[in-house]
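Hi there,

Here is the structure I promised to pass along. Please open it beside this note, and then read on for what turned up in it.

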Amino acid sequence: SIVTSLEMTYVHIPVPFDHPTADHLRQFIGVMKSLDGKRIWVHCVRNWRVSAFMYHYLRFENGLPEADCRTPMLDEWAPTMGEVWKRFLGLSRAEIEAP
């Protein structure tokens with residue numbers, strides 16, 4: 001209610017930490033596209049998931065070079081990142097766009 005009272009839109013995309021999927025990413029990208037041109041605040045509990053999602057969004061939807069899509073949080077997390085997230089970060093554009 002606080003968010004809506006401030007005339008903000010709240011979108012919740014539940015992503016299990018141990019099972020992020022391309023479907024979650026497609027949903028995220030769809031929401032981001034629908035809010036194009038608006039100020040957006042994207043967050044998660046530790047900012048790890050959102051760093052991975054923003055990496056793909058910036059890389060494939062905005063065409064930024066790979067190095068420019070990496071955040072300090074993503075780089076900090078990388079040494080201890082589990083295999084499921086390494087696979088998620090390795091998704092290709094074709095895998096993301098596939099229905």
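This is a predicted model: local features need pLDDT of at least 70, side-chain atom pairs count only at pLDDT 80 or more; totals for chains, interfaces and linings use all residues.

**Salt bridges**

In total, the structure holds six salt bridges.

Two others are worth a look, and each sits within a helix. In one, the side chains of E83 and K86 meet at 3.7 Å, N to O. How far apart are E83 and K86 in helix α6? They are three residues apart in that helix, which covers residues 83-89, so about one helical turn separates them. E83 counts as partly exposed at 49% relative accessibility, and K86 counts as partly exposed at 39%.

The other joins R93 and E97, whose side chains meet in a salt bridge of 2.9 Å, N to O. Both residues lie in helix α7 (residues 93-97), four residues apart, or about one turn of the helix. R93 is partly exposed, with a relative accessibility of 37%.

**Two backbone angles**

The phi angle of E7 is near 60°, which is a positive value in a residue other than glycine. You will find E7 in the loop between α1 (2-5) and α2 (22-34). Is E7 buried or exposed? At 75% relative accessibility, E7 counts as exposed.

N47 has a phi near 70°, again a positive value in a residue other than glycine. N47 is placed in the loop between α2 and α3, the latter covering residues 48-61. With a relative accessible area of 32%, N47 is partly exposed.

**The largest pocket**

Next, have a look at the largest pocket, which holds about 840 Å³ of space. Which residues come closest to its centre? Of the 25 residues that line this pocket, those are Y10, V11, W41, V42 and H43. Helices α2 and α3 each supply at least two residues of the lining. Sorted by class, the lining has 18 nonpolar residues, three polar ones and four charged ones.

Last comes the interior. In soluble globular proteins, nonpolar side chains tend to be buried together. Here, the largest nonpolar core has 28 residues, and L25, F28 and W85 touch the most other members. At least two residues of this core come from each of α2, α3, α5 (72-77) and α6. Which helix gives the most to this core? That is α3, with nine residues.

Leaving aside residues up to four places away in sequence, W85 touches V15, F17, P20, R49, A52, F53 and W77. To take in the core from there, you could move on to L25 and F28, which are named with W85 as the members touching the most others.

I hope this helps you find your way around.

Best wishes

Methods. Residues are numbered from 1 along each chain as its sequence is written. Side-chain values use heavy atoms; hydrogens and water are left out. A salt bridge is a side-chain nitrogen of Lys or Arg within 4 Å of a carboxyl oxygen of Asp or Glu. Buried means under 20% relative accessible area, exposed over 50%, partly exposed in between (1.4 Å probe, protein chains only). On a 1 Å grid over the protein atoms alone, a cavity is a set of points where a 1.4 Å probe fits but cannot get out, and a pocket is an open set with protein on both sides within 12 Å along at least five of seven lines; lining residues have an atom within 4 Å of a point. Grid points are joined across faces, edges and corners, and a volume is the space filled by probe spheres set on the points. Ala, Val, Leu, Ile, Met, Phe, Trp, Tyr, Cys and Pro count as nonpolar, Asp, Glu, Lys and Arg as charged, and the others, Gly among them, as polar. A nonpolar core is a set of buried Ala, Val, Leu, Ile, Met, Phe, Trp, Tyr and Cys residues joined through side-chain atoms within 4.5 Å. Contact means heavy atoms within 4.5 Å.
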